[in-house]
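Take a look at the model first.

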Amino acid sequence: AWEDQELSEYLFGTYSKENALAWELQADILFMGGRYAEALEKYNKLVRILEKSPRFDREFLAEARRSAGICLLGLDRPAEALPLLLEAFSYYEKHPDEYRERLFWMSHTISRAYDMLGDYKKRQEYMDLAGKYDDDPIE
C-alpha cells in the first residue's frame, strides 16, 4: 500500500524519483478532481519524503510545496498556504531565467493569498512583481 511504501522510504532511505512521482501523480489526480484535502495529504507526504531523502531534488520539492500551497488556498487556508508558496517562490527566484513563467504565476498566486488575508499592501507588492516576470505585458 502507499503508506507501506512511505514507511519503507523513511526507514530505509529507498527514495527513488519514480516512487516520488507516483505520490505526485496520485495527488495531482485528486487535485484535478477538486478533492483538495485528500490531495493536500498526498502532497504533504511527498514533501516529507523529499525532505528526508539525502538525494532529494530541490526543484521537485519546490513543486510539491507549491502544489500543497495551492491546495490550501482551495481549502480557504491562506495563512497555512503562504509559507509553502513563499518557499517555492524563493527556489524559483534563484533561477529567474529558467522559471520566468513560473515566477509570473507564483506572484499572482501569492498575491491571491495575501488578498485572502486582507493584506492589500503585500497583495499589490506581488502583483507588481508579477509584472517583472510578464513576457507579454498589456500596454
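Tyr 91 counts as buried because its relative accessibility is 17%, where buried means under 20% relative accessible area, exposed over 50% and partly exposed in between (1.4 Å probe, protein chains only). Tyr 92 is buried too, at 0%, and so is Tyr 99.

This is a predicted model, in which local features need pLDDT of at least 70, side-chain atom pairs count only at pLDDT 80 or more, and totals for chains, interfaces and linings use all residues. Residues are numbered from 1 along each chain as its sequence is written, and side-chain values use heavy atoms, leaving out hydrogens and water.

Rings of Phe, Tyr and Trp (its six-membered ring) pair if their centres lie within 6.5 Å; planes under 30 degrees apart are stacked, over 60 edge-to-face and the rest tilted.

| Pair | Centre to centre | Between planes | Type |
|---|---|---|---|
| Tyr 91 and Tyr 92 | 5.8 Å | 70 degrees | edge-to-face |
| Tyr 92 and Tyr 99 | 5.0 Å | 50 degrees | tilted |

The whole structure holds 7 aromatic pairs, and ring pairs join Phe 89, Tyr 114 and Tyr 126 into a cluster.

Now for the core. A nonpolar core is a set of buried Ala, Val, Leu, Ile, Met, Phe, Trp, Tyr and Cys residues joined through side-chain atoms within 4.5 Å. The largest has 28 residues, and those touching the most other members include Leu 85, Phe 89 and Tyr 92. Another core, apart from this one, has 9 residues, among them Trp 23 and Phe 60.
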